[in-house]
Amino acid sequence: MPERIRHILEMIRFSHTVFAMPFALLATIMAWCLPASGGEKVTVTWQAGLGILLCMVFARSAAMAFNRLVDRKIDAENPRTATRHLPAGILSVPSVVLFTVACSVGFVASTLLFWPNWLPLAGSVPVLAFLCGYSYTKRFTSLAHYWLGISLMLAPICAWVAIRGQVVLQHPADILPAVMLGLGVLFWVAGFDIIYACQDAEFDRDAKLRSIPAKYGVQGALRIAAVSHLLAVLAFALLPFTAPLLGIIYWLGLAAVAGLLLYEHALVRPSDLSKVNLAFFHVNTIIGLGVLIFTSIDLLWN
């Protein structure tokens with residue numbers, strides 16, 4: 001059993017939770033620190049904090065496991081992914097289906113921790129359907145990378161609604177800080193996913209799968225990824241205008257993020273994709289955690 005659990009965690013790339021989790025936690029801290037539009041006092045209970053963590057883990061785990069199920073035949077044909085757990089027979093389809101269903105139920109059940117705020121429960125199934133829908137996008141659109149970006153954009157927005165749902169219902173503009181933070185996440189994720197997909201540009205083209213590298217080539221894809229990351233920095237730069245408590249510490253952190261994104265693009269060239277994994281995981285892990293740390297310090301300091 002411990003070995004099976006280890007294989008499941010490897011299959012869903014549990015360590016990649018660091019891409020979305022920091023922004024859900026950051027939105028929670030922002031929701032607590034920033035004054036409400038109508039002057040309401042916002043509190044964060046331990047149940048709500050636990051709910052944010054559980055929802056993030058269950059939703060991502062369900063979506064990743066579903067993706068591995070849907071793509072198992074494609075993965076088996078791709079030399080880069082043929083050794084993944086389902087194509088290689090390390091895990092069985094029934095066990096992954098059971099895991100997916102359990103995580104889906106866990107996600108919906110975890111939204112009850114926010115009660116009497118009913119918005120998370122009402123939105124749980126549509127959100128989960130959108131997350132799982134990403135698994136089919138490469139079959140019909142080259143914009144699959146941006147669908148993934150929106151999926152991770154939902155993390156800070158949903159966390160904000162879970163904490164300040166009643167305030168948002170009364171004052172819809174209250175959600176603007178979470179939306180601006182989410183837009184930064186959207187373009188950041190889409191950009192690094194395009195870079196990662198460059199590894200499969202030729203395979204995707206031959207398999208009639210749609211992706212930006214398959215459509216525009218690796219060089220064109222890297223340029224689109226650079227534009228996406230420029231838009232991410234712009235969105236993060238506009239965040240203080242919706243969250244006035246942010247000051248110099250945040251701007252220093254944003255400058256560091258911009259520098260890391262430049263470094264990420266310097267690592268990957270059309271003629272040399274050997275450092276894609278370094279750019280994809282290590283650099284972006286630092287970016288996600290860095291935004292959380294710098295922004296949280298600035299908010300709590302002020």
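Tyr-136 is partly exposed, at 40% relative accessibility (buried is under 20% relative accessible area, exposed over 50%, partly exposed in between; 1.4 Å probe, protein chains only). The model is predicted: local features need pLDDT of at least 70 and side-chain atom pairs pLDDT 80 or more, while totals for chains, interfaces and linings use all residues. Residues are numbered from 1 along each chain as its sequence is written, and side-chain values use heavy atoms, without hydrogens or water.

**Aromatic pairs**
- The whole structure holds six aromatic pairs (ring centres of Phe, Tyr or the six-membered ring of Trp within 6.5 Å; planes under 30 degrees apart are stacked, over 60 edge-to-face, the rest tilted).
- Phe-66 and Tyr-136 pair edge-to-face, 6.0 Å centre to centre with 65° between the planes.
- This pair links distant parts of the chain, 70 residues apart: Phe-66 lies in helix H3, and Tyr-136 in the loop between helix H6 (119–133) and helix H7 (144–170).
- Phe-66 is partly exposed at 22% relative accessibility.
- Ring pairs also join Phe-23, Trp-188, Phe-192 and Phe-236 into a cluster.

**Helix H10**
- Helix H10 (residues 212–242) spans only 32 Å between its end C-alpha atoms, whereas a straight helix of 31 residues would span 45 Å at 1.5 Å a residue (the expected span is 1.5 Å times one less than the number of residues).
- H10 has a kink of about 105° centred on Val-218, the bend being the angle between axes fitted to the seven residues ending there and the seven starting there.

**Ser-61**
- Ser-61 lies in helix H3 (residues 46–70); helices are DSSP runs of H or I with at least four residues, numbered from the N terminus.
- Ser-61 is buried, with a relative accessible area of 4%.

Terms used. Helix = DSSP H or I, 4+ residues; strand = E, 2+ residues; numbered from the N terminus.
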